[in-house]
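I opened this entry to keep a record of what I looked up, item by item. I wanted the overall counts before any single side chain.

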Amino acid sequence: MRFFKSLAGKITIGVVLAGGITALVIYYIYFKKTYEHLKVIPDTTYFVATMNPMDLHDKLNWDEFVKLEMMEAMRKGMPDEFRTVYDKFVDDPMSLGIALKNDIYFFAYKKGSKDLLGLSMSIHKRSSFEELLETFGFTSSIKEGDGYKYIYPDAQGFVGWDKSTLLLVMSPNGADDGEMEEEYKRLSSLDEKEQLKNSNANFSAWLEMEKDIKMWGNSTPWAEYLAYTLNLESKGMMSYSEEEMKDNYMYWSFNFEKGQIVMEMEMVPNKINAEKQQVDKVLRKVDGKIFELIPGKDLMAAGAMGLNINAMIEVITASLPPGFDQILAQAPKEIGMSHKDLMEVIKGDFILGFYGVSPVEKQRKVGGTEDFDDFFDEEEMEEFAKEMESLQEQIDSSETETYIDYNNPNLVIAFTVNQATMKKLIDIGIEKMPEDVKASGDVGIEFIDEKYYKIASLLNVYMGFKDDVGYITTNEEYIKEVVNGTFKQEKPIETEVKEILESGFAAGYLNLEMKEYPETFIQMLSDNIGEYEVVYIQEATDILKDAMIVANGYKATWTMRLTKNENYAIYEIVKKINDITFKK
């Protein structure tokens with residue numbers, strides 16, 4: 001107790017209190033977010049995009065960022081008055097008069113039949129903002145209103161501000177004189193019930209999501225138009241009501257994290273659509289056994305998807321006009337199959353692997369008039385054909401055999417299937433193929449050794465079946481091993497990649513480390529764009545590790561990972577651009 005009564009104690013208490021109050025003031029001025037500028041966003045808004053400048057400022061590792069050569073070069077190239085503003089901003093981002101700790105909102109909304117745009121920012125210090133305008137030569141353009149100041153560049157736009165909010169209002173399709181100023185005043189004095197943040201619970205919940213950049217969309221203002229357009233486009237095949245088009249929401253976000261960039265997209269359907277689409281029934285995760293069916297070695301990219309086919313068909317047929325399902329049920333009888341057989345031909349597990357390319361030399365017939373196709377339109381070709389009719393024998397005799405070198409993509413697709421039904425459908429397709437096509441050998445389907453199919457085209461594709469799994473590939477040796485039962489993974493798919501592909505109803509993976517790509521793929525790139533360019537791309541992308549996308553329900557998440565995770569991804573990417581530009 002003596003300490004608190006002593007002079008030293010009183011001084012200490014005073015310092016602590018003063019420091020605490022100062023810290024609190026600094027927090028409220030520089031760090032605490034305020035939402036006054038949200039009040040100008042009306043309840044007829046259908047799109048909002050927002051970003052927080054100070055979040056990005058911090059993630060850019062600001063003190064290091066401004067020392068990069070490209071930033072110093074940019075500073076040197078500025079006019080003196082711009083450089084002064086820039087230097088003040090570097091030292092104190094709030095010096096511009098804009099409260100960059102708060103989110104910036106861009107929004108699109110309806111007013112009657114018009115589409116209007118708005119941009120709102122929070123004012124930190126009105127006098128500093130006006131000084132900034134004076135520096136850029138806007139002094140003579142600034143005018144006084146009733147409690148606000150403004151710049152009126154033209155009839156399409158209006159920029160106004162008071163002590164708390166800067167608001168830009170714009171009409172993309174033009175406006176009458178004075179109309180945008182009146183709109184500014186209307187938005188600045190919206191009743192609470194007219195403000196989006198108070199009238200839409202979905203928007204209020206979205207505001208709580210902490211993302212660097214995020215967007216929100218609402219279908220309600222467009223419901224009538226969407227229903228009309230979709231019904232018109234579907235030509236009666238599908239039916240959409242205005243109620244179905246209301247209260248459907250979309251979210252998009254972009255976040256720079258340490259060592260990775262994460263982008264998310266999510267749809268929030270209304271109750272009618274959620275019950276109608278039955279996403280939880282239609283979508284499912286892929287059967288893990290399918291990962292053993294494709295090679296793991298040299299895997300550059302992969303994708304997997306799981307569907308409940310029967311549930312999907314039920315959802316689709318339920319949306320069709322009355323009686324249409326009977327037409328669908330009748331169609332298979334034309335080829336001697338039951339509706340049930342046709343519906344169950346695909347079982348719903350899919351996986352794809354990409355392994356680069358391999359060079360191929362392919363023989364192709366080239367006719368005497370083939371090379372003229374690019375030089376004449378259809379009418380000219382008919383005239384040309386008539387003139388050449390008398391010389392047809394000479395033209396036919398001019399056909400030659402040529403060889404084309406190209407790079408064949410190494411692709412493998414495996415999918416679960418009712419093997420017997422699928423083979424029957426293929427056989428029916430072969431039977432119905434015109435004889436001249438079969439005889440040409442250039443296109444069509446051929447059954448090889450009664451074990452697998454060759455689908456002839458510029459790229460030969462092979463298809464085979466084994467144990468109710470279908471395989472489609474450009475690699476003939478692989479399909480031979482599969483149908484003969486001798487295929488074994490030389491190397492399993494990496495555990496991390498497999499876990500990514502198993503984590504959603506649909507997922508994809510792409511290896512971005514070019515040093516791990518097969519030599520044939522690198523050589524193909526060098527042949528097409530140049531060896532120097534390939535080396536440049538390798539240097540520019542050596543900070544990238546991989547990219548993946550995972551979809552679950554109505555939400556999809558895309559992630560790009562870097563090889564380092566000490567800093568936020570935005571700084572690493574900007575630094576790489578700087579290093580490449582200045583050849584470090």
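The notes below go from the whole chain to salt bridges, a surface patch, a helix and some backbone angles.

**Ground rules.** I am working with a predicted model, in which local features need pLDDT of at least 70 and side-chain atom pairs count only at pLDDT 80 or more, while totals for chains, interfaces and linings use all residues. Residues are numbered from 1 along each chain as its sequence is written, and side-chain values use heavy atoms, with hydrogens and water left out.

**Whole chain.** I looked up the secondary structure and found 26 helices and 20 strands in the protein; helices are DSSP runs of H or I with at least four residues, strands are runs of E with at least two, and both are numbered from the N terminus. Of the 584 residues, 38% count as buried, where buried means under 20% relative accessible area, exposed means over 50%, and partly exposed lies in between, with a 1.4 Å probe and protein chains only. The protein exposes about 33,500 Å², of which carbon and sulfur atoms supply 56%; accessible areas come from the Shrake-Rupley method with a 1.4 Å probe, and for residues only the protein chains shown count as cover. For contacts (heavy atoms within 4.5 Å), I noted that among those between residues at least 6 apart in sequence, 69% join residues at least 24 apart.

**Salt bridges.** How many salt bridges does a search of the whole structure find? The search gives 26, each being a side-chain nitrogen of Lys or Arg within 4 Å of a carboxyl oxygen of Asp or Glu. Arg126, Glu130, Glu144 and Lys149 are linked in a network of them. I also recorded the pair of lysine 39 and glutamate 36, whose side chains meet at 3.2 Å, N to O; lysine 39 is partly exposed at 35% relative accessible area, and glutamate 36 is partly exposed at 37%.

**Glutamate 264.** Glutamate 264 forms a salt bridge with lysine 555, the closest N and O atoms being 3.9 Å apart. Lysine 555 lies in strand S20 (residues 555-562) and glutamate 264 in strand S10, so the pair ties together parts that are 291 residues apart in sequence. Is glutamate 264 buried or exposed? With 18% relative accessibility, glutamate 264 counts as buried, whereas lysine 555 is partly exposed at 33%. The side chain of glutamate 264 is also joined to that of lysine 211 by a polar contact of 3.4 Å; such a contact is a pair of N or O atoms within 3.5 Å, and within protein one must be able to donate a hydrogen and the other to accept it, with residues adjacent in sequence counting only if both atoms are side-chain atoms. Leaving aside residues up to four places away in sequence, glutamate 264 touches Lys211, Tyr251, Trp252, Ser253, Lys555, Ala556 and Thr557.

**Arginine 561 and aspartate 546.** The side chains of this pair meet in a salt bridge at 2.7 Å, N to O. Arginine 561 lies in strand S20 and aspartate 546 in strand S19 (residues 544-552), so the two tie together parts that are 15 residues apart in sequence. I checked both partners for burial, and both arginine 561 and aspartate 546 are buried.

**Nonpolar patch.** Ile529, Tyr532, Tyr536 and Ile537 make a nonpolar surface patch of about 380 Å². Patches are made of residues with over 30% relative accessible area and no salt bridge, like charges being joined within 9 Å and nonpolar side chains (Val, Leu, Ile, Met, Phe, Trp, Tyr) within 5 Å. Helix H25 (residues 531-540) gives the most to the nonpolar patch, with three residues. Tyrosine 536 lies in this helix and counts as partly exposed at 35% relative accessibility.

**Helix H26.** This helix (residues 569-581) has 13 residues and reaches 18 Å from its first C-alpha to its last, close to the 18 Å expected at 1.5 Å a residue; the expected span is 1.5 Å times one less than the number of residues. Lysine 583 follows H26 and has a positive phi, near 50 degrees.

**Positive phi in loops.** Asparagine 61 has phi near 55 degrees, a positive value in a residue other than glycine, and is found in the loop between helix H3 (53-59) and helix H4 (62-65). Asparagine 61 is partly exposed, with a relative accessible area of 29%. Glutamate 450 also has a positive phi, near 55 degrees; its place is in the loop between strand S14 (444-448) and strand S15 (452-456), and at 67% relative accessibility glutamate 450 counts as exposed.
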